[in-house]
Amino acid sequence: MQLRRGCRLWWLTLPVLAIDRVLKRLAIAALAPSGVRTAIPGVLSWAYTQNEGAAFSLLSGRSLLLTLLTLALIAGVLIYLLRRPDDPTLLRAGFWLIIGGGLGNLWDRLAYGHVVDFIRLDFVHFAIFNPADVFICCGAALAVISVLLSERKEREHG
């Protein structure tokens, strides 16, 4: 029973993976090997990049290490979810989005030896990223919001 409750919201990983895979395949087809297309002038461009590192190209060229770290992170979050089945839904949703994004980038590493990045914000000098990265960040934001709301609720009803 705890396994079933612990896996609530697992299905959130499916649309995350589907969106990530479809958009990355489109980027590869339309932009590879080094194409850039403006989507919204001064705001957003599609710029195909092969990222062999993690965020901001950290640990570039260390694919095996990054693959193992990704697997460990996903396993750690899964264990947490299974051991804490009664945590708030918002927190759990955030963690499932993180898992889905992690799986999307893991897929790239295993299939291509690098992560496909293609979303570039032109109004700031920032990293080029991908849909999986967006889902990971949104999941982390949901988790933080959930924790803050829980703490606020505790203080008010303390």
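Let's start at Trp-46, a partly exposed residue with a relative accessible area of 33%. Here buried means under 20% relative accessible area, exposed over 50%, and partly exposed in between, with a 1.4 Å probe and protein chains only. A word on ground rules: this is a predicted model, so local features need pLDDT of at least 70, side-chain atom pairs count only at pLDDT 80 or more, and totals for chains, interfaces and linings use all residues. Residues are numbered from 1 along each chain as its sequence is written, and side-chain values use heavy atoms, with hydrogens and water left out.

Now for the aromatic rings. Rings of Phe, Tyr and Trp (its six-membered ring) pair if their centres lie within 6.5 Å; planes under 30 degrees apart count as stacked, over 60 as edge-to-face and the rest as tilted. By this rule the count comes to three aromatic pairs. One of them joins Trp-46 and Phe-118: the ring centres are 6.1 Å apart and the planes sit at 50°, so the pair is tilted. This pair links distant parts of the chain, with Trp-46 in strand S2 and Phe-118 in strand S3 (residues 115-121), 72 residues apart. Helices (H or I, at least four residues) and strands (E, at least two) are DSSP runs, numbered from the N terminus. Phe-118 is buried, with a relative accessible area of 6%. Another pair is formed by Phe-126 and Phe-129, whose ring centres are 6.2 Å apart and whose planes are at 75°, so this one is edge-to-face. Of these two, Phe-126 is partly exposed at 44% relative accessible area, while Phe-129 is buried at 17%.

Back to the strands, which pair if DSSP finds at least two bridges between them. S1 (residues 36-40) and S2 (residues 44-51) pair in the antiparallel sense over four bridges. Thr-38 has Ser-45 in S2 as its bridge partner. The hairpin of S1 and S2 has three residues between the strands, and Gly-42 takes a positive phi near 75° there. S2 also runs antiparallel to S3, and six bridges join them. Asn-51, for instance, has Val-115 in S3 as its bridge partner. Five of the seven residues of S3 are buried, so S3 is largely enclosed by the rest of the structure.

What packs against the strands? The buried residues of helix H2 pack against S1, S2, helix H4 (89-112), S3 and helix H5 (131-157), where contact means heavy atoms within 4.5 Å. The expected span of a helix is 1.5 Å times one less than its number of residues. For the 19 residues of H2 that should give 27 Å, and the end C-alpha atoms are 26 Å apart, which agrees. The buried residues of H2 are Thr-13, Val-16, Leu-17, Asp-20, Arg-21, Lys-24, Ala-27, Ile-28 and Leu-31. Seen down the axis of H2, these buried residues fall within an arc of 140°, so they line one face of the helix; the arc is that of the directions from the helix axis to the C-beta atoms. The spacing makes sense: an α-helix has 3.6 residues a turn, so residues three or four places apart point the same way. Leu-26 and Ala-29 are exposed, on the face of H2 turned away from its buried side.

H3 has 21 residues and reaches 30 Å from its first C-alpha to its last, close to the 30 Å expected at 1.5 Å a residue. Its buried residues are Leu-66, Thr-67, Thr-70, Ile-74, Val-77 and Leu-81. Down the axis of H3 they fall within an arc of 105°, so they line one face of the helix. The face turned away from that buried side carries the exposed residues Leu-64 and Arg-83. Leu-71, also found in H3, is partly exposed at 43% relative accessible area. Leu-71 and Val-115 are 44 residues apart in sequence and 15 Å apart in space, C-alpha to C-alpha.

Leu-9 is found in the loop between helix H1 (2-6) and helix H2 (13-31), and is buried with a relative accessible area of 18%. Its phi is near 75°, a positive value in a residue other than glycine. Most residues other than glycine have a negative phi. As for cysteines, a disulfide is a pair of cysteine sulfur atoms within 2.5 Å, and the count comes to zero disulfides. The sulfur of Cys-138 is 7.1 Å from the closest cysteine sulfur, in Cys-137, too far for a bond.
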